[in-house]
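Hi there,

Here is the structure I promised to pass on to you. Have a look first, and then read my notes below.

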Amino acid sequence: MIDPLAYVLSDAVAMITAATLAIVLAQQSKLRTEFFVVRFAIAIATLFFARISHSVLDWTATKTITYLIVASFPLLALLTAESLMRRHAARLVKLSVSGLSAVIAVLAFLNTDSLTAIRVPVIGAALIFSMLITACFVIFRDEKELLPNENARLTSLLLGFGFLIPLAATDFLIAETSAIPALSAVGAMCLLLAAVRVVCSRSSLSGYFIDITIAVGLTIITSGVGYILTSPSPHQLGGLVLVIGTIFLAVISAGYLRGFLRQYMDPSLSTYLARARTGSVPEFLSDLKSHRLIKSSQLLEGDDLRTAVAPEALKLLTKTAVVSRADLERIDAQGIPEQSESAVLSLLMTSEMTHAIQLSQVPTRILLCESVSPSGDRIEEADLLLLSRLARTIDEKQSRD
């Protein structure tokens, strides 16, 4: 059996990492997606605090609290998936996940001798089944309805759950005195790493697997050196691998979190607009390419505009300074879109962009852009309106000259 100190150390590392992520996001984030990640990080940090407390105090109440926190995980996972997909799950999915969470919560209080033998395995089975339901909801999504960065975020977070589910489930499906349950701290770190990559807009699968591979490789090398120098027993070696692996995953997560903080320290879009060159519209747009919130853009004008944009869509785009795909999707979901709105929505979906911005009316210039936030939460509408207004001012100035 692994030294209890290894359990406490690995849980403490996971707790500190989750709490740090929650604090940073709570202070800096504006995205709905990040809001759900904050709640998940708080739940993970609270879970490991309860586990550490139970290891030290060995109270029945701390074990009950641990199970109650676990009961929230299926619901948080489903809410996070819905947020990333910008779609509600089917009623059956919601009822199933909610019911299984309720089962875990009820069993948390049923600590009678007659139920001891089956309580823990039933909790584990409910946890696994509820997580798998949410995973299926994500896996069988319609990828064409989402932008590439949305699909990347979903897949990255799904892989994080893929590591967490089997490792965390060992807390319940294998005797709790086994050495294996402590591995759930590693699983939680894999999920936190995926969550950090999601909010940092670095959700590529290759990058996530590279991070995991680096952590595993460094753990093997460091543990091997420790084994040569100290010759620990097999149980002590298992604890050493567990703690070192958790630490390396935390260090990698911290690196991304540091970059995330630097990203938020960059000037706002309004500041970029104020600093951009105003000699011509192309120069003005070129200076905006370095802004972190505009991931990609496409300028439509002249023949390209007439061939790429339907007349119905052009009618709306010439009247409205800024059109958001998220707003059009909400209108479409209500079943009352106008023909022009449907045409613009189709244009944005086809081009995989999130906003259409009018840069000038005569001649007509439309900028299609993809924001880091697909729903447009982080790019304020006022800033986009300012971008449109400045571009039209520059164009009018050039026309007079």
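**What I found**

C190 is buried, with a relative accessible area of 5%, whereas C136 is partly exposed at 37%. Here buried means under 20% relative accessible area, exposed over 50%, and partly exposed in between (1.4 Å probe, protein chains only). With a disulfide defined as a pair of cysteine sulfur atoms within 2.5 Å, the count comes to zero disulfides.

Before you go on, please note that this is a predicted model: local features need pLDDT of at least 70, side-chain atom pairs count only at pLDDT 80 or more, and totals for chains, interfaces and linings use all residues. Residues are numbered from 1 along each chain as its sequence is written, and side-chain values use heavy atoms, leaving out hydrogens and water.

Next, helix α3, residues 60-85. Helices are DSSP runs (H or I, at least four residues), numbered from the N terminus. Of the 26 residues of α3, 19 are buried, so the rest of the structure largely encloses this helix. A kink of about 25 degrees is centred on P74; the bend is the angle between axes fitted to the seven residues ending there and the seven starting there. Just after α3, R86 has a positive phi of about 55 degrees.

Finally, α7 (residues 184-199) and α8 (residues 205-230) pack with their axes 11 Å apart, at an angle of about 140 degrees. These two helices are therefore oblique to each other (angles under 35 degrees count as roughly parallel, over 145 as roughly antiparallel, 65 to 115 as roughly perpendicular, and the rest as oblique).

Happy exploring!

Key
Expected span 1.5 Å × (residues − 1). Axes fitted to C-alpha atoms, helices over the stretch in contact; angles between N-to-C directions.
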